[in-house]
Amino acid sequence: MPVALVTGISGQDGSYLAESLLADGYEVHGIVRNSTEENLAALGSPANLRLHSVDLLAPDALESLLRDVRPDELYSLAAVSSVAASWNDPVMTGAINGQVVVRLLDAAHRLQEEHGHPVRVLHASSAEIFGQVAETPQRETTAIRPSSPYGASKAYAHLSVGVFRGRGLHASNTILYNHESPRRPEAFVTRKITASVARISRGLQEGLELGNLDARRDWGWAPDYVEAMRLAVAAPEAGDFIVATGVSHTISDFLDAAFARVGIDDWSSLVSVNPAFVRPVDPAEQLGDASRARDALGWSPSVDFETLVARMVEHDLELLDA
């Protein structure tokens, strides 16, 4: 059976990816910090899933694991995934999001060149590499000029993928725009909103504090974006692919959709703006043009914005009723 190695397997994307790979008969190896991490329970304990407790920053730890596992496909998803958190610890963000990816690329290239074992690599890049965007919508050719430590770390990894692709490695970037699901932790604004809306509707919470309500993002359904990753790995030619819906909404739009699901039309008295939640530098609009992914990979999103938000709210209501 084909072998895949997934870093960040316990995260939102990693868990959906592992489910997809396992369903297709892969032997899946995942890197974790411990066996109790978020979303691992959703995977169960299939015989073809093997978890490895590895310190990503330990010298030669990743390289040794790649030599042992000899994956056919390598998915680099592990990251300090919060833009806000990256401002608190930019050094750690750079190490995890940047240097770890380069080490994986180098180890995969060595496995291919020195041991004759081809490896296809997928890096989960981010729309944050575009920062204060030079054009809207953004394309794969849009200028890379990040405006946060998170974006800068992702840009380093993104460009490094291109470097190793030039050395003969089948290495692709999926430039992921915001994508959500019930598996998002509440540290992310979308899940913070849906979980809070559910509690407010049940009388368990009085209100909600947020940052910039005018921030505009292109939101999609996480399992759709995982499908794009797999399509990029399977493609005859590696490349960079924007993965987005091509439709943007504000945080206020997200609030409208979430509160509507619980029958609340006017949420103005329930939501307040806290300056502490406003990022130091926040791109005004992120909107992706996924034409290349559509044309080269045959990919398109299957879930619209309203359905995405409704699914998240419904999940959080179910958690309260359990």
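Asp316 and Arg191 form a salt bridge in which the closest N and O atoms are 2.7 Å apart; the term denotes a side-chain nitrogen of Lys or Arg within 4 Å of a carboxyl oxygen of Asp or Glu. The pair links distant parts of the chain, with Asp316 in helix α10 (residues 305-321) and Arg191 in helix α6 (residues 189-201), 125 residues apart. Helices (H or I, at least four residues) and strands (E, at least two) are DSSP runs, numbered from the N terminus. Both Asp316 and Arg191 are buried, where buried means under 20% relative accessible area, exposed over 50%, and partly exposed in between (1.4 Å probe, protein chains only).

The model is predicted: local features need pLDDT of at least 70 and side-chain atom pairs count only at pLDDT 80 or more, whereas totals for chains, interfaces and linings use all residues. Residues are numbered from 1 along each chain as its sequence is written, and side-chain values use heavy atoms, with hydrogens and water left out.

## Further salt bridges

The whole structure contains 16 salt bridges. One of them joins the side chains of Arg230 and Asp24 at 2.7 Å, N to O. This pair also links distant parts of the chain: Arg230 belongs to helix α7 (residues 222-234), while Asp24 is in the loop between α1 (12-23) and β2 (27-32), 206 residues apart. Arg230 counts as buried, at 16% relative accessibility.

A salt bridge of 2.6 Å, N to O, connects the side chains of Arg165 and Asp240. Because Arg165 lies in helix α5 (residues 149-165) and Asp240 in strand β11 (residues 240-243), the pair ties together parts that are 75 residues apart in sequence. Arg165 is partly exposed, with a relative accessible area of 24%, and Asp240 is buried, with a relative accessible area of 17%.

## The parallel sheet

Seven strands form an open sheet with parallel pairing, in the order β3-β2-β1-β4-β5-β6-β11. Two strands pair if DSSP finds at least two bridges between them. At the edges stand β3 (49-53) and β11, each with a single partner strand, so one side of each is left without a neighbour in the sheet. From one strand to the next, the twist averages 20 degrees. Axes here are lines fitted to C-alpha atoms, for helices over the stretch in contact, and angles run from 0 to 180 degrees between N-to-C directions.

Within the sheet, strand β1 (residues 3-7) pairs with strand β4 (residues 73-76) in the parallel sense over four bridges. Ala4 has Glu73 as its bridge partner in β4. Helix α1 packs on the sheet and touches β1, β2, β3, β4 and β6 (170-176), contact meaning heavy atoms within 4.5 Å. The direction of α1 makes about 170 degrees with that of β1.

## Backbone features in loops

Most residues other than glycine have a negative phi, and most peptide bonds are trans. The peptide bond from Thr136 to Pro137, however, is cis, with omega near 0 degrees. Pro137 lies in the loop between β5 (120-126) and α5.

Asp60, which is not a glycine, has a positive phi of about 70 degrees. This residue lies in the loop between β3 and α2 (61-69) and is partly exposed, with a relative accessible area of 39%. Arg70 likewise has a positive phi, near 50 degrees. Its place is in the loop between α2 and β4, and Arg70 is partly exposed, with a relative accessible area of 34%.
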